[in-house]
Amino acid sequence: QVQLVESGGGLAQAGGSLRLSCAASVRIFSIDTMAWYRQPPGKPRDLVTRITRGGTTNYADSVKGRFTISRDIAKNTIYLQMNSLKPEDAAVYYCAALGPPTDWGQGTQVTVSS
């Protein structure tokens, strides 16, 4: 089981930026795919972006051009740089090591004020 710890959430104004971090308890290069999901209140958890072991990235259409996933293999950490934030980006953001099984972090709250 992979332990994942997110950090970096908080309050940002619309148009602002935040950077989320996710530290893994294992070498992230041993994980096929790592991802960021988000879950707004009362809505399902949806994929935001993912990065494969080989470095291939995918993004949800709603965040393309605004969000960037990256990683620091030496620190076993992935990041989510969020720019041009919109109120609809507000959610709990979860880091995931995709499986099976899939391991999840505890989530970090992102709030965007208009």
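**View A. Thr77, a buried residue in a predicted model.** Thr77 is buried, because its relative accessible area is 9% (buried means under 20%, exposed over 50%, and partly exposed in between, using a 1.4 Å probe and protein chains only). You will find Thr77 in strand S8, residues 77-82 (strands are DSSP runs of E with at least two residues, numbered from the N terminus). This is a predicted model, where local features need pLDDT of at least 70, side-chain atom pairs count only at pLDDT 80 or more, and totals for chains, interfaces and linings use all residues. Residues are numbered from 1 along each chain as its sequence is written, and side-chain values use heavy atoms, with hydrogens and water left out.

**View B. The surroundings of Thr77.** Look for the side chain of Thr77: one of its polar atoms lies 2.8 Å from the backbone oxygen of Lys75. Leaving aside residues up to four places away in sequence, Thr77 touches Ser21, Cys22, Ala23, Ile28, Ser70, Arg71 and Asp72 (contact means heavy atoms within 4.5 Å).

**View C. The disulfide of Cys22 and Cys95.** The structure holds one disulfide (a pair of cysteine sulfur atoms within 2.5 Å). It joins Cys22 to Cys95, with 2.0 Å from S to S. This pair links distant parts of the chain, 73 residues apart: Cys22 sits in strand S3 (residues 18-24) and Cys95 in strand S9 (residues 91-98). The link of Cys22 and Cys95 is left-handed, with -75 degrees about the S-S bond.

**View D. The two cysteines and the solvent.** Are these cysteines, Cys22 and Cys95, buried or exposed? Cys22 counts as buried because its relative accessibility is 0%, and Cys95 is buried too, with a relative accessible area of 0%.

Terms used:
Helices (H or I, at least four residues) and strands (E, at least two) are DSSP runs, numbered from the N terminus. A polar contact is a pair of N or O atoms within 3.5 Å; within protein, one must be able to donate a hydrogen and the other to accept it, and residues adjacent in sequence count only if both atoms are side-chain atoms.
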